[in-house]
Amino acid sequence: MVRLALVGLGKMGLSHLSIVRAHPEVNLVGVCDPSRFMLELLGKNAGLETFNDLETMIERARPEAIIVATPSRFHGEIVRVALERGIHVFCEKPFCLDWNESADLSELAERKALVNQVGYHYRFVASFQEVKRLLEANAIGDVTHVLAEAYGPVVLRAAGSSWRTQKAEGGGCLYDYAAHPINLLNWYFGMPARVGGTVIKKIFSRDTDDEVYGTVFFEDGPSAQISVNWSDESYRKMSVKLSIWGKAGRIFADRQECKVYLRDGTESVTGYSKGWNVRHTTELTEAVWFYVRGEEYSAQIDYFVKCIASGSHENVNSFAAAAQTDQLMSMMRDDAQAVISAPSASPSVQQRKRVLFGRLEEGRAVTNDAKFAFWR
Amino acid sequence: MMPNLLFGDNQFFGINHMSEEKARAQALQFQDIKEVFKTLDAAYDEGIRTFMCTTHDRVEEICNYVRANPNRYRDYTFYPCMPYAHKYANAATEEGVIGAIKKFAPDSGAWSAAVRSGVSLAGKDISGITRLLIDSEMKMFKGLRTPVIFLQNVVVDLLLGLGMTEPFAVFSDHVRAKYNAEPGFITMNLPLLLDVLDDLKIDNPIVCSNINKLGFRMCGGLGAYEEALRERRFRAIAMSVFASGAIPASEAISWVCDQPNVEAIVFGASSRSNIRSTKGLVDQFWKNGHKLLA
């Protein structure tokens, strides 16, 4: 039995709590949250040991492992406290708002040989696991381009008062929604060399972003476009989808299915043949012991518990993997701020062209920075 | 007595567990509420007169339609399933968990005060909130026949996992007392839920769960479900009998009809021909001695 504690009783925390309490190899020793209301609710009605202070919980409940599901801004600090006391950590996504902190914590967890995992549950969705398998088998040959999308109906009007609607707390479409398709790109293709054309905009939110678009470039690999909007009412719920073009075929995947078009019939992957192949969630998904809201949520917790029990440190959703996603999101934020403004009324287009060509003729290297300086 | 075939509503709301493309096609097909009425009429005329539906906003339009045509739908029956979870989940993202509950429990001054002041909630307060939420979800069914009222699987399974099971008893008592209805529970974790309902002394409960030949979304495993159907005292409703289309229709229905103690099958369909063929298969394979209440 793994002695496990949980910090943060919001939407994700409650969902994790339900799953871990139903896990046959977990002994839930405590929950921690600043809300007296939630603590009393769960203390009285679910018989949980409750704490409003992390240090006290660690001291008294002595957990071997902890699930961190607080607002994102607090992840780093709580995770560090846990790691320093030798506690295995599962942290909700995004990992840390400052990717340097993500990298530090990853290094700390490795040094202490502690199991470390971040809740990017799409890595446990069977159809996206199938994509990973297909790419590793080189089923569609060299990949040239990827479209990574996520849409859903979260912010549909100017309202909202939770931390998720506040940028400083780590809320917003980039960290809450776009993080998922971005994390899948990292899983499949690693860390890109650069980003470009990033657009991060508000639609309805006052304080944070509602849509994210951009391009990422993998060295000696594909380009990928990210298209994410959490203010799209035409979707019933969050929908993440990937389209991947390769020289030998194309893959489309969402939570329900994985559709693959193969140009030739070489049996690089068992069970797949020339032309269209469709695999549904019903055949791909492995059964879980307990289901609340999708097999992937149960599967990731089970994986965490099994990693602890087996002493495995080969985590598919490690801090190091999540740090890549944090760094890439940070690159996109920086890129979005470096927008080239349209020139003001003067000088005229003709004059500007002359100036530009004049500079080029002078043989000066026109770097990005130089271009920015010029167009501003 | 429950009819052995119940009409479900996933197809009307663009919910399809197999394909988002199919879900979108269905959302388009049923964009005009008249298309929904037409399909319900087709089911009605095939003798399927019980509609098992979530408390989705659009169901309110269906309720209004049935109320407005009392002669046509004299014996029409609703089995409401509450709540429609996505409205709460999206609200929780926007307003936080407590904000979401407040939003959907109107007239709950006591509740707001409790949250604001952080005062302790005794068991009886929890039951108060539960009753308020039930009443809020039931408003759209006023004046209609609702002999069975279900708690949706997201809520049942969340509470089941949390070990916070008292709301099941509150739900059960309240729908009996106020709506003269039988409580029903939808779950993806049948064997576990049956143990808890036993502990709560909820006798012979109506429980709706996936029951299909593939064992798809049947937590605890196919064997444990088969054992429960053989040995436990409860009234089983089978859903997802086709496992989202993964099992051929005839094979799927024939297998379910072979299981002991299945009292009804809930299914969804978008066309009269599919409704008719499913009904034909159930008529052919049904072995439990139940007759359609057509």
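Analyst: Happy to. Let's start with what "meet" is going to mean here: two residues are in contact if their C-beta atoms, placed from the backbone, lie within 7 Å. Please keep in mind that this is a predicted model.

User: What makes H2(B) and H3(B) a contacting pair, and which residues meet?

Analyst: From H2(B) come Ile33(B), Val36(B), Phe37(B) and Leu40(B), and they meet Arg58(B), Glu61(B), Ile62(B) and Tyr65(B) of H3(B). By class, the residues of this contact are 6 nonpolar, no polar and 2 charged.

User: Why are H2(B) and H3(B) called oblique to each other?

Analyst: Helix H2 covers residues 33–45 of chain B and helix H3 covers residues 57–68 of chain B; their axes cross at roughly 60 degrees and come within 11 Å. Angles under 35 degrees count as roughly parallel, 65 to 115 as roughly perpendicular and over 145 as roughly antiparallel, with the rest oblique. The angle of roughly 60 degrees falls in that remainder, and H2(B) and H3(B) are therefore oblique. The crossing of H2(B) past H3(B) is right-handed.

User: Which residues of H11(B) and H12(B) meet, then?

Analyst: Ala249(B), Ser250(B), Ile253(B), Ser254(B) and Cys257(B) of H11(B) face Ser277(B), Thr278(B), Leu281(B), Val282(B) and Phe285(B) of H12(B) across the contact. The contact of H11(B) with H12(B) divides into 6 nonpolar, 4 polar and no charged residues.

User: How do you know that H7(B) is mostly covered?

Analyst: A residue is buried if 20 or more other C-beta atoms lie within 10 Å of its own. In H7(B), 8 of the 10 residues are buried, among them Asn153(B), Asp157(B) and Leu160(B). For chain B as a whole, 45% of its 294 residues count as buried.

User: What covers the buried residues of H7(B)?

Analyst: Both chains take part. The cover includes helix H1 (11–21) and helix H2 (36–46) of chain A, together with strand E4 (148–151), helix H8 (166–179), strand E5 (182–187) and helix H9 (190–199) of chain B. After H7(B) comes Gly163(B), with a positive phi near 75 degrees.

User: Which elements of chain B give two or more residues to the side that touches chain A?

Analyst: The contact takes 41 residues from chain B and 42 residues from chain A. On the chain B side, the elements giving two or more residues are helix H4 (85–104), helix H6 (123–138) and helix H7 (153–162). H4(B) provides the largest share, 10 residues.

User: Why is strand E2 of chain A described as largely enclosed?

Analyst: Of its 7 residues (26–32), 6 are buried, so strand E2 of chain A is largely enclosed by the rest of the structure.

User: And what makes E1(A) and E2(A) a pair?

Analyst: Two strands pair if DSSP finds at least two bridges between them. Strand E1 (residues 2–7) of chain A and E2(A) have 6 bridges, in the parallel sense, and Arg3(A) stands opposite Asn27(A) in E2(A).

Conventions:
Residues are numbered from 1 along each chain as its sequence is written. Chains are lettered from A and ligands numbered from 1 in the order in which they are written. This is a predicted model: local features need pLDDT of at least 70, side-chain atom pairs count only at pLDDT 80 or more; totals for chains, interfaces and linings use all residues. Axes are lines fitted to C-alpha atoms, for helices over the stretch in contact, and angles run from 0 to 180 degrees between N-to-C directions. Helices (H or I, at least four residues) and strands (E, at least two) are DSSP runs, numbered from the N terminus. A crossing is left-handed if the near helix is turned anticlockwise from the far one by less than a right angle, and right-handed if clockwise. Ala, Val, Leu, Ile, Met, Phe, Trp, Tyr, Cys and Pro count as nonpolar, Asp, Glu, Lys and Arg as charged, and the others, Gly among them, as polar. A residue is buried if 20 or more other C-beta atoms lie within 10 Å of its own, exposed if 12 or fewer, and partly exposed in between; C-beta atoms are placed from the backbone.
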